[in-house]
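The report below is meant for someone opening this structure for the first time.

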Amino acid sequence: MAAVTLRSCRRALSQILSHGGTSTFSPNGLAGVRHMTTTVQFATRPDLPTLAYRRLKGKSPGVVFLPGYASTMNGQKAEALEEFCKSLGHSYLRFDYTGHGASEGVLAEGTVGAWKKDVLFVLDELTEGPQILVGSSIGGWLMLLAGIARPEKTAALVGISTAADHVVTSFNALPLETRVECEEKGEWSVPSRHAEEGVCTFSMDFLQEAEGHCVLQSPIPVLCPVRLIHGLRDEDVPWHISMQVAERVLSPDVDIILRRQGQHRMADKDDIKLMAYTIDDLIDKLTTEGSE
């Protein structure tokens, strides 16, 4: 699919990426150079934590970025994609989940269900019209949940190292003795190169709540176009999870792109270029179909 995507992208985007860019976008933006083109805003919600977000207004379909666990809206992918959307004139929104970044709440008290509510609130209250959801890691799981709950707001899905059900299935795959030990302690600690402490710790309550949001045991009622990008060298979330997602979504328009050298973060310049090409191809497809 990568070759098809590269061939079908609009000529203007190819020129931007190949010849130094324009005043609003350049290959440096894709490489992760930080250009803060939007200001942080805060959305208050009755009886729920305030959410921090950055919003770029523009054409439809818009793009919404869903970061990974313990990540924020200020990561390389999130910022580079804002530059990209700005260059195309399309709307873009990135935000911090409850307990992440500048949003209120405590990370250790978060749940998959709470973060799903965050995504649905953002779609309902902060965007106009259908959106292309770009989900990284656990954000890929949340984009599927959002696609199921808000089909009318979901124009397409782009999963990056999609971690659907991953924390639950990984725990359930542990030896029985290990699981019993974790249950007695009330938590499970997982080594992680990306965590400051070197481990990610999940409570048993978190795992039990997350189990109620698993999507891979049955067909996934998502009918919009789906693109799944995954690195074969991902040591955190196995690439075969993206294969499982592709097998279970009901959409007839699903493509998987495997990066042989790709790792979990997928934040190298070429990785982000591929994301941009993929989003551009979807925008082209969606706007062309909408005009027919």
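Pro61 is found in strand β3. A cis peptide bond joins this proline to Ser60, with omega at about 0°. Most peptide bonds are trans, and most residues other than glycine have a negative phi. The model described here is predicted.

Asp165 has a positive phi of about 65° although it is not a glycine. Its place is the loop between β6 (154-160) and α7. Met266, also not a glycine, has a positive phi near 50°. Met266 is located in the loop between β10 (254-259) and α11 (269-291).

The accessibility of several residues named in this report is listed here.

| Residue | Relative accessible area | Class |
|---|---|---|
| Asp165 | 2% | buried |
| Met266 | 2% | buried |
| Leu142 | 1% | buried |
| Phe202 | 10% | buried |
| Asp234 | 9% | buried |
| Tyr69 | 22% | partly exposed |

**Overall make-up**

The protein has eleven helices and ten strands. Of its 292 residues, 52% count as buried. Among contacts with a separation of 6 or more, 72% are between residues 24 or more positions apart.

**Nonpolar cores**

The largest nonpolar core has 52 residues. Within this core, Phe95, Trp141 and Trp188 have the most contacts. Helix α5 gives the most to the core, with eight residues. Another core, of 25 residues, lies apart from it and includes Leu81, Cys85, Ala156 and Ile229.

Which residues does Trp188 touch, not counting those up to four places away in sequence? They are Val167, Ser170, Phe171, Leu174, Cys182, Cys200, Thr201, Phe202, Met204 and Leu207.

Leu142 lies in helix α6. Leu142 counts as buried because its relative accessibility is 1%, and buried means under 20%. Leaving out residues up to four places away in sequence, Leu142 touches Leu66, Tyr97, Val112, Trp115, Lys116 and Val119. Leu142 and Val119 are 23 residues apart along the chain, and their C-alpha atoms are separated by 7.5 Å.

**Aromatic rings**

A pair of aromatic rings is described by the distance of the centres and the angle of the planes. A search of the whole structure finds eight aromatic pairs. One of them, formed by Tyr69 and Phe202, is tilted, at 5.3 Å centre to centre and 45° between the planes. Tyr69 lies in the loop between β3 (59-66) and α4 (76-88) and Phe202 in strand β8, so this pair ties together parts that are 133 residues apart in sequence. Tyr69 is partly exposed, with a relative accessible area of 22%, whereas Phe202 is buried at 10%.

Phe95 and Tyr97 form an edge-to-face pair, at 5.5 Å centre to centre and 85° between the planes. Both Phe95 and Tyr97 are buried. Ring pairs link Tyr69, Phe95, Tyr97, Trp115, Phe171, Trp188, Phe202 and Phe206 into a cluster.

A ring also takes part in a contact of another kind: Arg45 lies over the face of Phe121, at 5.4 Å from the ring centre.

**Helix α9**

Helix α9 spans residues 204-211, and its residues Met204, Phe206, Leu207 and Ala210 are buried. An α-helix has 3.6 residues a turn, so residues three or four places apart point the same way.

The face of α9 turned away from its buried side carries the exposed residues Asp205 and Gln208. What covers the buried residues of α9 includes the helices α5 (112-126), α6 (138-149), α7 (166-172) and α8 (176-185), along with the strands β7 (187-191) and β8 (199-203).

**A buried aspartate**

Asp234 is placed in the loop between β9 (226-231) and α10 (240-248). Asp234 is buried, with a relative accessible area of 9%. Its side chain makes a polar contact with the side chain of His264, at 2.9 Å. Setting aside neighbours within four places in sequence, Asp234 is in contact with Ser161, Gly262, Gln263 and His264.

Definitions and conventions: Residues are numbered from 1 along each chain as its sequence is written. This is a predicted model: local features need pLDDT of at least 70, side-chain atom pairs count only at pLDDT 80 or more; totals for chains, interfaces and linings use all residues. Side-chain values use heavy atoms; hydrogens and water are left out. Buried means under 20% relative accessible area, exposed over 50%, partly exposed in between (1.4 Å probe, protein chains only). Helices (H or I, at least four residues) and strands (E, at least two) are DSSP runs, numbered from the N terminus. Contact means heavy atoms within 4.5 Å. A nonpolar core is a set of buried Ala, Val, Leu, Ile, Met, Phe, Trp, Tyr and Cys residues joined through side-chain atoms within 4.5 Å. Rings of Phe, Tyr and Trp (its six-membered ring) pair if their centres lie within 6.5 Å; planes under 30 degrees apart count as stacked, over 60 as edge-to-face and the rest as tilted. A charge sits over a ring if NZ of Lys or CZ of Arg is within 6 Å of the ring centre and within 35 degrees of the ring normal. A polar contact is a pair of N or O atoms within 3.5 Å; within protein, one must be able to donate a hydrogen and the other to accept it, and residues adjacent in sequence count only if both atoms are side-chain atoms.
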